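Here are some notes to read alongside the model, for anyone opening it for the first time. Have the sequence and the 3D view side by side as you go.

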Amino acid sequence: MKKLTMATGLLTATALTVALAGCSGGSGDSGDANTIRVAYQTTATFNQMQTLMENAKKEYEAAHKGVTVELVPIQAEGADYYTKLALMNKSASTAPDVQYEDTFKIQSDAAAGYLLPLDDYLAKWDDWSQFAEGAKQAGLGPDGKTYGVSLGTDTRGLWYNKEIFAKAGISVPWQPKTWADVLSAAEKVKAADPDVIPINVYSGKTAGEAASMQGLEMLLYGTEDTLYDTSSKKWVVGSQGFKDSLQFVSDVYQGGLGPSLQQALDPNIFTSVTADWLPSSKLAIALDGSWQSAAWVDGGTAAWPAWSDTLGIAAMPTQDGQAPGTTSMSGGWTLAIGKNTKNADAAWDFLSTAVNKDNATAYNIDNSQIAVRADVAESSEYLDANPSFKTFSSFVDTTHFRPATEDYDKISNQIQVAMEAVMTGQSSVDDAAAAYDQAVIGIVGEENTQKG
């Protein structure tokens, strides 16, 4: 997603509410105007944000005497982070001034009144011209205003273990042309070594957004169908592509090509993949993100000097090899300002400090991000920092983005429900797809859907 040395400590699920109430002063407002509260995520394999926040705090406080930055790291995986951040935002007394915000949450959080529009600040900020247009679009709310400033973006593809492939008789470099090629490679791995997990595709409710995005959407956007029709502004139901994507998930899990259900539905699966299965050669293929190597580089949370020699990277093929031949999904995270901030100017000054050129360069390298600032993306410091950057950046040419709507969050949850139903064998592909269709209609109304 480094070194956890902050004095504030990590907020666990049990301590979150008490700790936040304690730091609010119990006044019923968002706290001291001379204190900027900054909330962000950390995990066992993601402390790059902690490093960025500590550096930005030091730089900001040196330039703004009398203003204190209070760091509030939230140690939580996936959906747990969103839940804890939402809990903070429920009350003005605990709401952060600045928060680490996933791009897919901006629409719903802006609509809920949690975020402050940034347009007035951006209009006066020279650095804004350095940001890629796609990164600017990612920060838009339902009203067309900007609520988040991008820290970087990402792509997804297939990480594969070259040593395991050699034992299975699969030649490298490997670039599958179809889904069938991916499953065929997984089957060869299983035949060669039953103790190795052939492929991991995140699936089910526990994996949260990773299941929706790294899993089903990476498949769906390689078919002839999509999740949402941007021209008609309607959600697609009843598509063959959705069913075929669920079938792939079923083939992996019901076909014995993926992790066990116990492993796949473990909340710590992200740490298992990054810090154990890949470095220990327990997993042959991981459908995963460009950020993975951030944990393995020198100073990372799971340093692994041999990672670039051991692993190869392949683009995810389209279903049958149809044009454009490969597909990817891109997302990313932003920094946003809370609507309840008592000092919006100070919050903006901190945010803009955190995403300035120097901090963005360090963070993009540290977290294996695809840079969205032109002055970072074009720098030799960035380009020479990681051997995976060039490959994953090339996937931008065929990448896709999640629907930027207020309803996406709820629909993503239904994707996870459908995936879990087929991975566990509780539902057939047809039944799970039909249940998903009905759930979507229930969320957005039948008039906002169309047949695939």
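1. Let's start with helix H3, residues 78-89. H3 has 12 residues and runs 17 Å from its first C-alpha to its last, close to the 16 Å expected at 1.5 Å a residue (the expected span is 1.5 Å times one less than the number of residues). Helices here are DSSP runs of H or I with at least four residues, strands are E runs of at least two, and both are numbered from the N terminus.

2. Which residues of H3 are buried? Tyr 81, Tyr 82, Lys 84, Leu 85, Met 88 and Asn 89 are. They sit on the same side of H3, because they cover an arc of only 170 degrees around the axis (the arc is that of the directions from the helix axis to the C-beta atoms). "Buried" means under 20% relative accessible area, "exposed" over 50%, and "partly exposed" in between, with a 1.4 Å probe and protein chains only. As background, an α-helix has 3.6 residues a turn, so residues three or four places apart point the same way.

3. A word on the source. This is a predicted model, in which local features need pLDDT of at least 70, side-chain atom pairs count only at pLDDT 80 or more, and totals for chains, interfaces and linings use all residues. Residues are numbered from 1 along each chain as its sequence is written, and side-chain values use heavy atoms, with hydrogens and water left out.

4. How confident is the prediction? The mean pLDDT (the predictor's confidence in each residue, from 0 to 100) is 92, and 93% of residues reach 70 or more. Residues 1-30 have pLDDT below 50, and beyond near neighbours in sequence this stretch has 65 contacts in the model (a contact means heavy atoms within 4.5 Å). Where pLDDT is low, the predicted coordinates should not be read in detail.

5. Now the overall picture. The protein has 20 helices and 15 strands, and its C-alpha atoms fill a box of roughly 65 × 55 × 40 Å along the principal axes. Of its 452 residues, 56% count as buried.

6. One joins Val 172 and Pro 173, with omega about 0 degrees; Pro 173 is in the loop between helix H7 (162-168) and helix H8 (179-192). Another goes from Ala 323 to Pro 324, with omega near 10 degrees, and Pro 324 is in the loop between strand E11 (316-317) and strand E12 (326-330).

7. Pro 324 turns up again at Thr 398, which is in contact with Pro 324, Thr 326, Thr 327 and Ser 328, leaving aside neighbours within four places in sequence. Thr 398 lies in the loop between helix H18 (389-394) and strand E14 (399-401) and counts as buried, at 16% relative accessibility. Its C-alpha is separated by 9.9 Å from that of Ser 330, 68 residues apart along the chain.

8. Where is Ser 368? Look in the loop between H15 and helix H16 (374-377). Ser 368 has a positive phi of about 50 degrees although it is not a glycine, and at 2% relative accessibility it counts as buried. Ser 293 touches Ser 368, along with Trp 159, Trp 307, Asn 386 and Ser 388, not counting residues up to four places away in sequence. Ser 293 is itself buried, at 0% relative accessibility.

9. Ser 281 also has a positive phi, about 55 degrees, without being a glycine. At 26% relative accessibility, Ser 281 counts as partly exposed.
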